[in-house]
Amino acid sequence: MRLIPLGAAALAGALALAPAARAEMSAAEREAFRAEVRAYLLENPEVLMEAFTALEQRQQLDQVNADLARLQDHSSEIYTDPASWAGGNLQGDITVVEFIDYRCGYCRKANAEVEELVASDGNIRFVLKEYPILGEESVLASRFAISVLQIAGPEPYKAVHDKLIAFRGDITTEALGRLADEMELDRAAILAHMDKDEVTAVIAANHKLAETLEISGTPTFVVDRTMVRGYVPLDGMRQIVEGQRKG
């Protein structure tokens with residue numbers, strides 16, 4: 001048996017048929033077949049690279065299609081959940097949703113760039129999802145932020161969010177109390193509300209949504225109809241936004 005030179009797709013097809021063909025081979029013929037395949041691949045390693053590239057492209061397409069289906073199925077929870085803060089241009093033609101953790105270094109890095117993206121574009125609706133995954137301090141910070149949103153409203157929440165994302169040092173109840181004082185908020189009411197069921201429910205819902213969307217890290221963005229897992233520099237985010245507009 002001699003293998004005729006094949007491209008990656010043709011080789012994949014031939015190998016897909018191989019199990020049935022091998023079932024009719026003798027032991028010696030099977031060994032010869034394996035040797036021929038091995039020799040061909042050693043002589044033509046570019047075929048393997050073509051095959052790997054084709055597989056990677058197929059996996060990426062499958063991921064995009066799966067993400068799109070999930071975004072469509074859970075659109076109200078993602079884009080219009082009343083428990084999540086929304087800002088920017090509330091009538092914008094593109095919605096950017098960010099899942100954040102206040103202890104996440106890349107969330108901190110992305111924060112100023114996302115602010116610039118929203119401000120300079122002028123037509124982006126921006127939604128923040130509290131998604132604490134990096135320990136107790138992350139949970140404490142998110143509870144405080146959500147408590148501020150539920151008690152004081154969206155503007156104080158955004159101001160507190162900006163403070164927390166830039167916060168250095170240990171996040172403790174006392175530190176959060178001082179922050180409430182600094183922001184001229186009702187310290188006692190906000191700290192008392194942090195452990196209420198209404199706050200717990202928001203965090204639980206965001207974790208459930210993240211699990212459904214296969215989000216495992218922060219920052220993760222939903223830019224209209226596409227998922228962006230991880231930090232992307234400002235120019236890259238602008239390209240993604242424009243791509244969605246043209247989409």
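Author: We go through the sheet, then a helix pair, then the backbone.

Author: This is a predicted model: local features need pLDDT of at least 70, side-chain atom pairs count only at pLDDT 80 or more, and totals for chains, interfaces and linings use all residues. Residues are numbered from 1 along each chain as its sequence is written, and side-chain values use heavy atoms, without hydrogens and water.

Reader: In what order do the 5 strands of the sheet lie?

Author: Elements first: helices (H or I, at least four residues) and strands (E, at least two) are DSSP runs, numbered from the N terminus. Two strands pair if DSSP finds at least two bridges between them. Here the order is E1-E3-E2-E4-E5, in an open sheet with mixed pairing. E1 (85–88) and E5 are the edge strands, each pairing on one side only. On average, neighbouring strands are turned by 20° against each other, direction ignored.

Reader: Which way do the strands run in each pair, parallel or antiparallel?

Author: E1 and E3 are antiparallel, over 4 bridges. Ala 86 stands opposite Val 127 in E3. E2 and E3 run parallel, joined by 7 bridges. There, Thr 95 faces Arg 125 of E3. E2 (94–100) and E4 are antiparallel, again with 4 bridges. Phe 99 sits opposite Thr 220 in E4.

Reader: How many residues of E3 are buried?

Author: Buried means under 20% relative accessible area, exposed over 50%, partly exposed in between (1.4 Å probe, protein chains only). In E3, 7 of the 7 residues are buried, so the strand is largely enclosed by the rest of the structure. Ile 124, Phe 126, Leu 128 and Glu 130 point one way; Arg 125, Val 127 and Lys 129 point the other.

Reader: How do I read a packed helix pair?

Author: Two packed helices are described by the angle between their axes and the distance between the axes. Axes are lines fitted to C-alpha atoms, for helices over the stretch in contact; angles run from 0 to 180 degrees between N-to-C directions. H7 (154–165) and H8 (173–182) pack at about 135°, with axes 11 Å apart. That makes H7 oblique to H8 (under 35 degrees is roughly parallel, over 145 roughly antiparallel, 65 to 115 roughly perpendicular, the rest oblique). The crossing of H7 and H8 is right-handed: the near helix is turned clockwise from the far one by less than a right angle.

Reader: Which residues make the contact of H7 with H8?

Author: Contact means heavy atoms within 4.5 Å. H7 gives Val 160, Lys 163 and Leu 164; H8 gives Leu 176, Leu 179 and Glu 182. They divide into 4 nonpolar, no polar and 2 charged (Ala, Val, Leu, Ile, Met, Phe, Trp, Tyr, Cys and Pro are nonpolar; Asp, Glu, Lys and Arg charged; the others, Gly among them, polar). The buried residues of H8 pack against H6 (136–152), H7 and H9 (187–193).

Reader: Where is the cis peptide bond?

Author: Check omega. The cis bond joins Thr 218 and Pro 219, with omega about -10°. Pro 219 is in the loop between H10 (197–212) and E4 (220–223).

Reader: Are Glu 214 and Asp 224 buried or partly exposed?

Author: Glu 214 has 47% relative accessibility, so it counts as partly exposed. Its phi is positive, near 60°. Asp 224 is at 15%, so it counts as buried. Asp 224 also has a positive phi, about 60°, although it is not a glycine.
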